[in-house]
Amino acid sequence: MKTTTFTPILALATAASAQVSGFNYGSTNSDGSCRGYSDFIRYFNDAKSLPGTSGFQVARLYTSVQCGTSASPISAFQAAIDTDTKILVGLWASAGRAAYENELNALLVAARDLGSAFTDRIVGISVGSEDLYRASPQGVANNAGVGATGTEIEGYIGWIRDWIRGTALEGKPIGHVDTWTAWVLPENRGVADSVNFLGHNSFPYFESTKPNSIDLAAQNFRDALAQTESVAAGKEVWVTETGWPRIGPNSRDAVASTENSQRYWREVGCSLFGKRNAFWYTLKDANSAQTDLSFAVTPLENNTPYFDLTC
């Protein structure tokens with residue numbers, strides 16, 4: 001394992017220009033069980049052959065560490081190689097410095113052991129996911145869980161730039177994923193300055209402080225995206241999470257239903273796929289904390305969509 005001093009190094013580069021589309025993949029199933037190699041093989045193949053679509057060739061991951069281990073590379077890396085799937089690598093950044101170091105080590109081990117078959121498939125590396133939101137007053141008020149401050153995320157970005165220098169990972173676009181409400185906070189401007197791309201998460205369904213019916217969803221999504229773009233200083237903004245639940249409680253004016261999930265896919269998803277880097281939430285449910293919600297477009301056990309995915 002590599003060791004180094006914790007030295008933030010800020011480096012700017014041009015983000016990748018290729019437009020990719022895919023899904024988000026958690027490391028566990030909705031019941032909390034760990035996903036393994038065979039699970040990722042099946043899910044990645046399901047995405048590539050999703051009925052009603054031309055197929056989705058890219059996977060966004062939240063962590064580089066295999067569930068059930070402390071620092072072993074996630075089995076999704078090997079599954080991506082074996083299914084010819086590209087990857088937006090994720091490093092979990094809300095569990096403290098030691099856990100983040102495990103993330104870095106897992107990624108470096110994978111790059112060393114899997115070689116170019118792995119590194120050539122990486123479209124970008126995301127340092128964290130909604131850490132700034134969870135640490136913000138809004139996230140605290142919503143009991144969103146443990147997050148990380150802008151200063152911490154800036155340091156983690158500098159850390160990975162230091163560690164990957166001279167490896168096949170050097171030059172990969174490095175970004176951070178968060179909500180637009182976190183991106184626009186002045187205290188997070190340093191994170192926006194330090195990344196190559198900004199990952200944008202927004203769910204109009206949850207934005208209950210304003211009218212948010214499905215009739216307004218597409219415009220609310222565009223408005224939120226514009227907020228993130230307003231602090232991006234011309235850098236690429238990747239849509240890293242969005243979707244509409246098929247099952248769930250009402251959220252002010254927003255109603256969870258298969259009909260509304262399909263409408264959001266057609267009005268928002270179809271406007272993104274192939275036009276900008278975008279990752280839908282989600283192919284199959286994986287969030288054990290969302291027991292009353294389902295954002296999945298297919299069930300866990302098969303690849304039959306809940307609704308017509310044709311754009």
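Here are some questions and answers on a predicted model of a single chain.

Reader: How many helices and how many strands does the chain have?
Author: Let's start with the overall build. The C-alpha atoms fill a box of roughly 50 × 45 × 35 Å along the principal axes. Within the chain there are 11 helices and eight strands.

Reader: What radius of gyration does the chain have, and how does that sit with the globule rule?
Author: For 311 residues the globule rule gives 19 Å. The chain's own value is close to that, so the chain is as compact as a globular protein of that length, with a radius of gyration of 18 Å.

Reader: What share of the residues in the chain is buried?
Author: A residue counts as buried when its relative accessible area is under 20%. Across the 311 residues of the chain, the buried share is 57%.

Reader: Which strands pair with β1, and how many bridges join each of them to β1?
Author: On one side, take phenylalanine 23, which stands opposite tryptophan 280 in β8. Glycine 22, in turn, has valine 58 in β2 as its bridge partner. Both pairings run parallel: β8 is joined to β1 by three bridges, and β2 is joined to β1 by four bridges.

Reader: Is β1 mostly covered or mostly open, and how many of its residues are buried?
Author: The strand β1 spans residues 21-25. It is mostly covered, and its buried residues number five of five.

Reader: What is the handedness of the β-α-β unit made by β1, α1 and β2?
Author: The order along the chain is β1 (21-25), then α1 (37-48), then β2 (58-61). Together β1, α1 and β2 make a unit that is right-handed.

Reader: How many disulfides are there, and what pattern do they follow?
Author: A disulfide is a covalent bond between the sulfur atoms of two cysteines. The structure holds two of them. Counting bonded cysteines along the chain, the pattern is 1-2, 3-4.

Reader: How many residues apart in sequence are the parts tied together by cysteine 34 and cysteine 67?
Author: The sulfur atoms of cysteine 34 and cysteine 67 sit 2.0 Å apart, and the two form a disulfide. The link is left-handed, with -55° about the S-S bond. Cysteine 34 is in the loop between β1 and α1, while cysteine 67 is in the loop between β2 and α2 (76-83), so the parts they tie together are separated in sequence by 33 residues.

Reader: And where do cysteine 270 and cysteine 311 lie?
Author: These two are joined by a disulfide, S to S 2.0 Å, and the link is left-handed at -80° about the S-S bond. The pair ties together parts 41 residues apart in sequence, because cysteine 270 lies in helix α11 (residues 258-272) and cysteine 311 in the segment after β8 (278-280).

Reader: Cysteine 270 or cysteine 311: which counts as buried and which as exposed?
Author: The cut-offs are under 20% for buried and over 50% for exposed. Cysteine 311 comes out at 63% relative accessibility, so it counts as exposed. Cysteine 270 has 14%, so it counts as buried.

Reader: Which backbone nitrogen lies 2.7 Å from a polar atom of the side chain of aspartate 131?
Author: Aspartate 131 is in helix α5 (residues 131-135). At 0% relative accessibility, aspartate 131 counts as buried. Leaving aside neighbours within four places in sequence, its contacts include Ser94, His176 and Asp178. The backbone nitrogen at 2.7 Å from its side chain belongs to serine 129.

How values were computed
Residues numbered from 1 in each chain as written. Predicted model: local features only at pLDDT ≥ 70, side-chain atom pairs only at ≥ 80, totals over all residues. Heavy atoms only, no water. Helix = DSSP H or I, 4+ residues; strand = E, 2+ residues; numbered from the N terminus. Buried < 20%, exposed > 50% of the residue type's maximum accessible area, 1.4 Å probe, protein only. Polar contact = N/O pair within 3.5 Å; in protein donor to acceptor, adjacent residues only side chain to side chain. Contact = heavy atoms within 4.5 Å. Disulfide = S-S within 2.5 Å. Pairing = 2+ DSSP bridges. Right-handed = clockwise from strand over helix to strand, strands pointing away. Rg over C-alpha atoms; globule rule 2.2 N^0.38 Å.
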